Protein chains: 2
Amino acid sequence: MKLMNNRMSLDYLFNPKSIALIGAAHSEEKLGGVILKNLLAFKGKVYPVNPKYSELMGLKAYPSFYDIPDAVDLSIIIRPAPEIPEILREHKGKAKCIIIVSSGFAEVGETELQEEVKNTGKEIGIRILGPNCMGIYNPHRRLDTFFLPHERLKRPKKGNVAVVSQSGAILSCLIGAMRSSNIGVSKVLTYGNAVDINESDLYEYLADDKYTDVVVSYIESVVDGRRFIEKAKRLSGKKPFVLLKSGKSQSGQSAAFSHTGRLAGRYEVFSSIIKQFGIKEADDMDELIDSAKAISFQKKSPHPSFTKGGAGGISDRILIITNGGGSGVLAADECMRQGLEVTELPEDKKERLKKIFPHFYGINNPLDLTAQVNDADYITALNELKDDFDGFLIIALPNVLGITEGLAPLLKKIKDEVKKPLIAHIAESGISKRLTSLFEKAKIPVYPSPERAVRGLKALLSV
Amino acid sequence: MKLMNNRMSLDYLFNPKSIALIGAAHSEEKLGGVILKNLLAFKGKVYPVNPKYSELMGLKAYPSFYDIPDAVDLSIIIRPAPEIPEILREHKGKAKCIIIVSSGFAEVGETELQEEVKNTGKEIGIRILGPNCMGIYNPHRRLDTFFLPHERLKRPKKGNVAVVSQSGAILSCLIGAMRSSNIGVSKVLTYGNAVDINESDLYEYLADDKYTDVVVSYIESVVDGRRFIEKAKRLSGKKPFVLLKSGKSQSGQSAAFSHTGRLAGRYEVFSSIIKQFGIKEADDMDELIDSAKAISFQKKSPHPSFTKGGAGGISDRILIITNGGGSGVLAADECMRQGLEVTELPEDKKERLKKIFPHFYGINNPLDLTAQVNDADYITALNELKDDFDGFLIIALPNVLGITEGLAPLLKKIKDEVKKPLIAHIAESGISKRLTSLFEKAKIPVYPSPERAVRGLKALLSV
């Protein structure tokens, strides 16, 4: 019953048909104006509320929420904190879900006011996201409640990664990084002070969300540890889930407290529990993004295991194919640190490749195609060795003329045949931007260093 | 005497007045053509050698090295490996230094041929760089012997970072990353198989090079461990020096062997010796670049210590000023991991800032200016707290309208007054590219994540 209720109310949050915006403004100089502007793209009905205007950005405006003639699925409130309890009461029976964007609650010591908001929410029987949050971005519904203008923060495209963040700042950093990493998103949101809807509710919903194949989440603290573990574990069992927990240090913990008004708890305890339940924890922002990218590009949900190749049955055997010796060595080093095996090539394959390739190629693992490389060499090697490894790292340093844009379609074709994780490192150089874009269109994730590529591969092999 | 000789011969390598190119070609489809094209920008005399042409790219060409009428400071050879010993003999008494670009020696099992090259070098009494290397890039002399076209690999601008790499591939990756990170270079080179000039010779030279304030080096193996330690230690004592050693894993070690024909040795032993002598080792490519950037931007050689502030005398106290709470928390976490202290604000300053700033700002460390931030807030905070900390991390998430390009000149001014490490994290967003460029022109290094910024600060505080 609880589960059903949670799913239904969150459906109104993620997929509303009508929206009220209380605190709508006439210009983008005000946050309420930015939100209204972003809501103009929404395909359902939008009711701006502001007593000073009869029209805002081409939409009929209402003096108060009372004056809206219909019930709404979602109401977004951006008004000064002290006004919020009264505004909430106006919603009784007339809204399915509420986002309180306003700050000025527990995060600045106003715990009583926050408690009042919480209790009022229970009284009126409506689920609340926030306060002190940015709300939702759901590109599948053209829904965007963020108070950040698109000129300042371009949104990621439609995709399969859900992002759940306690912090709006981190959410905006993640969005920016995802956009520039060509990662598409399904649903993105911050829940701020979480008087009602919290990370656990969201994990529960997203575990069953058909648009979402991967969930990444940034948290500073949890309200109910037991429920968090239960929901995170369930989510983890259904689809890849990567968590970044901050507040690891003393100063980090007190910072997290002052910023959301929730206690972070001892990190070591938290981390060991997470590990015990098989939930993947990222060490830092880069790792969160890098993992999400690999999994988003090559892992489908419900996630079938990739067929592990070879008869020996050792998993996580990595083949590194490179046109730069040193880059291959750095990748092999990182494989070791990540517990991935850079196993020797089978002797018969080695002999065959020695006949095919020029004598100065390094027929080992890493397989060194040298600066004399041609695009087709990667394919030759993959064709020979695809059954002997579980994952493939392609290192293409496009500073030599033998690497061309033609490498992308060749790799796409063989990746679709091989059906195993295959990712790439492309170093910064003349055609690297264009080549990266072509690789990523072919769903081959590209990383800017050999080590980060290996970490991406590790994420893919361990979910 | 040895030192003098080393310095003098390397002077001919880095600052030649005349250059011969044996194996010059008429078009950039050949490596000898790319090198010749790159040498056209060189301000001294260039003698292309190729028996098939009387002129190459507008320069008079010579049938052989014999036919060049003058002695040359530097001769660059790019001819098939078996021809090299004979070509070397032609140089006796007529060149001061030689770069052998050609591959086909120990790295492909041709150890005898390599031995012959080594011995011939001694016979003729001329210092040799290579074989199997890319040579030199010295922007201060417009000298560029790389066989990589500029369209494929843009060179970094003139600056104070020297790069010494055993591997050409890694060198090209470092160059690409440095270019895009706005890091300027003094001298850049690869030494490949190192039959003569090796990392130790180069460290010795660069320790005394007035153009170089920082040295970064990528190595896979060393020939003479004792001498390496001696020279690395001496260099480290004179200016900041950051080392990336690969071949940490078994497979990495054998890959390094096949790629340069030198044995890498046990990494653990190497690493503990390095540490003992106070030489900074980077964990991966990102850390090498991130460290180099911070040090290059804010550390001068011979390096005076930054004045450590405050009376207590605790070093490495970091102040984090942020407009995103979560980003501040992640930075604080990384400070803990890096052994940097995010100490509390002094009580009196705290009281004062509470009076100056809006009540919802978080007056702690991290200092949270929230999404309501204005550029001037950073300066207000720095002015109050500059004497209480040893290093400053500015986190500017430019997704809000309160962060403008005007922040760069404000920070530049106060940085010049404060005279302590001050670095920044700017997240990807609307104006981040432009803002980053303005910060970096003001010599404030910018990093794409809070954690990488902290690692940059750590590098700066520990050299």
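**Figure 1. Strand β12 of chain A.** All six of the six residues of strand β12 (residues 214-219) of chain A are buried, so the strand is largely enclosed by the rest of the structure. A residue is called buried if 20 or more other C-beta atoms lie within 10 Å of its own, exposed if 12 or fewer, and partly exposed in between, with C-beta atoms placed from the backbone. Helices (H or I, at least four residues) and strands (E, at least two) are DSSP runs, numbered from the N terminus. The model is predicted: local features need pLDDT of at least 70 and side-chain atom pairs count only at pLDDT 80 or more, whereas totals for chains, interfaces and linings use all residues. Residues are numbered from 1 along each chain as its sequence is written, and chains are lettered from A and ligands numbered from 1 in the order in which they are written. Val214(A), Val216(A) and Tyr218(A) point one way from β12(A), while Val215(A), Ser217(A) and Ile219(A) point the other way.

Figure 2. Two strands are said to pair if DSSP finds at least two bridges between them. Strand β10 (residues 158-165) of chain A pairs with β12(A) in the parallel sense over five bridges; in this pairing Tyr218(A) of β12(A) is the bridge partner of Ser165(A). Strand β13 (residues 241-245) of chain A also runs parallel to β12(A), joined to it by five bridges, and Lys245(A) in β13(A) stands opposite Ile219(A). The sheet has seven strands with mixed pairing, in the order β9-β8-β11-β10-β12-β13-β14 (chain A). At its edges stand β9 (143-144) and β14 (280-281) of chain A, each with a single partner strand, so one side of each has no neighbour in the sheet. Strand β8 (residues 135-138) of chain A pairs with β9(A) in the antiparallel sense over two bridges, and Asp144(A) in β9(A) is the bridge partner of Tyr137(A).

**Figure 3. The five-strand sheet of chain A.** An open sheet with parallel pairing has the order β16-β15-β17-β18-β19 (chain A). Its edge strands, β16 (367-368) and β19 (446-447) of chain A, each pair on one side only. Strand β15 (residues 318-322) of chain A runs parallel to strand β17 (residues 391-396) of chain A, with five bridges between them. Ile394(A) in β17(A) is the bridge partner of Ile321(A).

**Figure 4. Helix α6 and residue Ile124 of chain A.** Helix α6 (residues 199-207) of chain A is mostly covered, with eight of its nine residues buried. Among the buried residues of α6(A) are Glu199(A), Asp201(A), Tyr203(A) and Leu206(A). Ile124(A) belongs to helix α4 (residues 111-124) of chain A and is partly exposed, with 17 other C-beta atoms within 10 Å. Contact means that the C-beta atoms of two residues, placed from the backbone, lie within 7 Å. Not counting residues up to four places away in sequence, Ile124(A) touches Leu88(A), Arg89(A), His91(A) and Lys92(A). The C-alpha atoms of Ile124(A) and Pro48(A), 76 residues apart along the chain, are separated by 22 Å.

**Figure 5. Nonpolar core around Leu21(B).** A nonpolar core is a set of buried Ala, Val, Leu, Ile, Met, Phe, Trp, Tyr and Cys residues joined through C-beta atoms within 7 Å. The largest one holds 299 residues, of which Leu21(A), Ile76(A), Leu393(A), Leu21(B), Ile76(B) and Leu393(B) touch the most other members. Leu21(B) touches Ile35(B), Leu36(B), Leu39(B), Val46(B), Pro48(B), Val49(B) and Ile76(B), with residues up to four places away in sequence not counted.

**Figure 6. Contact between chains A and B.** In this view, 62 residues of chain B are in contact with 62 residues of chain A. Elements of chain B that give two or more residues to its side of the contact are α5 (168-180), α8 (250-260), α10 (285-298), α11 (325-337) and α16 (450-462). Of these, α11(B) gives the most, with eleven residues. 100% of the interface residues of chain B are also interface residues in chain A, so the copies meet through the same surface.
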